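Open the model in your viewer and keep the sequence panel beside it. Each stop below gives a selection and what to look for.

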Amino acid sequence: MKVTLNQNIKDISRALAHSKAFWCVLLAAGVIFNMALMRLGYVSEDYRCFVGPWISTFRHNGHWLPLAEGVGNYNLAYQYILVLLSYFPSGWSLILVKCFSFMFQLFAGVCCGLIVSVSRGNKPLCVIAATALMAWWPTSVMNSSVWAQCDMIYVSFLMLMLYGLLRQRNVLAMISFGVAFAFKLQALFFAPFLLFLLLRRELKWWQAIFVPVGVYILTLVPAAIIGNSWANMLGIYLKQSTVDWGYFWLYPNFYGIWAHCGLPLPANAWWWTICSTVLIFAVVWYWHNKMPRNMSVLQFMTMAMLLYVCTVYLLPMMHERYQISADVMVLPLMMLAWRKWLLPGLTVVLVSAFCYWCLYMIIQTKSLAYLDVCSYGAPLLLLEVVLIWIITKSETRNHNKRLKN
């Protein structure tokens, strides 16, 4: 009786997994759920202090005209979006920002589905399933529909980049990377993976440099026409990178463990940044010959995930939202090999959820005591990195066994 029941459950699960109607219903429910969250009207500190006032500045000063000097410290690509939103009534601004981010959350799901379809085929089913799951993905929902952040915009283009690289459409991939970089500097956390591909000669150097830089420059042209100076526009990311957030800010990486143990940290974090960068290059060099020449989709995505989490783990001055790309990459990895990626995937999501909770508590209590609480998440984050490293090692070991056989 028990065997029959288990078999029936497996049959039903398999039927649902291959049913487009089931995933469409789940997607529709996810859209309704996110819309309901938006209607709650939660206002994050970033929106209250920055994004909201920026939209108001555009609305009351001729919309496009403030671009002549720039508004805020976000790059021009996102400022163009805020200009467009400034044409709507002020009461709509918050929900429109959330809706715009949610659209790119769904687009990220589409790109994840395309990635899975390279291995599994059945592109429509993969895309619908991944998009439906992304509509419910916890950290993505928090980021877009609750906090009105713009991270899902650049992350969606990074997923499109990975799809383009898998399909060997390198120029399309690098255009996507350039767009992602135009929205957020954090797109550079994928630079070690691009270096990995360059060392393996799977990506040409001119594609990796000139195409993204060209796209980035093109995004600045409208503001330049309005009157903004090139020095000012090109200096936006430089100004962002010089803000001193300490060694970690609500992301308990290596420096969180160091601080949690009560060990002193040098006053200048830039020396540690240089040392961490060298160490990241060493990780890239170690792995570039370990993976097989013709990587499977699973091996490709595993390598991208490993280098990304190592980068944000080793670099200082990381924020709670800097792991958002890893949160999204977990989805196609779990769809490709859920048994192998279930525990690491849950660990990734739990780390981000814990960091988000600490930020929420800091805002609610107006106390920085939760910075110390966040450091207690350091062992879980270390477990995340170790698990992903072990999985990557197993992928190379399995490949070597197949070669011997």
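**Before you start.** This is a predicted model, in which local features need pLDDT of at least 70, side-chain atom pairs count only at pLDDT 80 or more, and totals for chains, interfaces and linings use all residues. Residues are numbered from 1 along each chain as its sequence is written, and side-chain values use heavy atoms, with hydrogens and water left out.

**Select the whole chain.** Show it as a cartoon. The protein chain has 20 helices and zero strands; these are DSSP runs numbered from the N terminus (helices H or I, at least four residues; strands E, at least two). Its C-alpha atoms fill a box of roughly 70 × 50 × 45 Å along the principal axes. The radius of gyration is 22 Å, which agrees with the value near 22 Å for a compact globule of 405 residues. That radius is taken over C-alpha atoms, and the globule rule is 2.2 Å times the number of residues to the power 0.38.

Now colour by burial. Of the 405 residues, 53% are buried (under 20% relative accessible area; exposed is over 50%, partly exposed in between; 1.4 Å probe, protein chains only).

**Select 76-85.** This is helix α4, and nine of its 10 residues are buried. Among them are Tyr78, Gln79 and Tyr80.

**Select 191-199.** This is helix α10, which holds leucine 194. Centre on that side chain. Leucine 194 counts as buried because its relative accessibility is 5%. Which residues does leucine 194 touch, not counting those up to four places away in sequence? They are Met161, Leu165, Met174, Phe177 and Leu203 (contact means heavy atoms within 4.5 Å).

**Select Ala17, Trp23, Arg120, Met335 and Trp338.** These lie nearest the centre of the second largest pocket, which is lined by 22 residues. A pocket, on a 1 Å grid over the protein atoms alone, is an open set of points where a 1.4 Å probe fits, with protein on both sides within 12 Å along at least five of seven lines; lining residues have an atom within 4 Å of a point. The volume is about 880 Å³.

Next, show α1 (2-17), α5 (93-120), α6 (123-136), α17 (324-336) and α18 (338-365). Each supplies at least two residues of this lining. By class, the lining has 14 nonpolar, four polar and four charged residues.

Conventions:
Grid points are joined across faces, edges and corners, and a volume is the space filled by probe spheres set on the points. Ala, Val, Leu, Ile, Met, Phe, Trp, Tyr, Cys and Pro count as nonpolar, Asp, Glu, Lys and Arg as charged, and the others, Gly among them, as polar.
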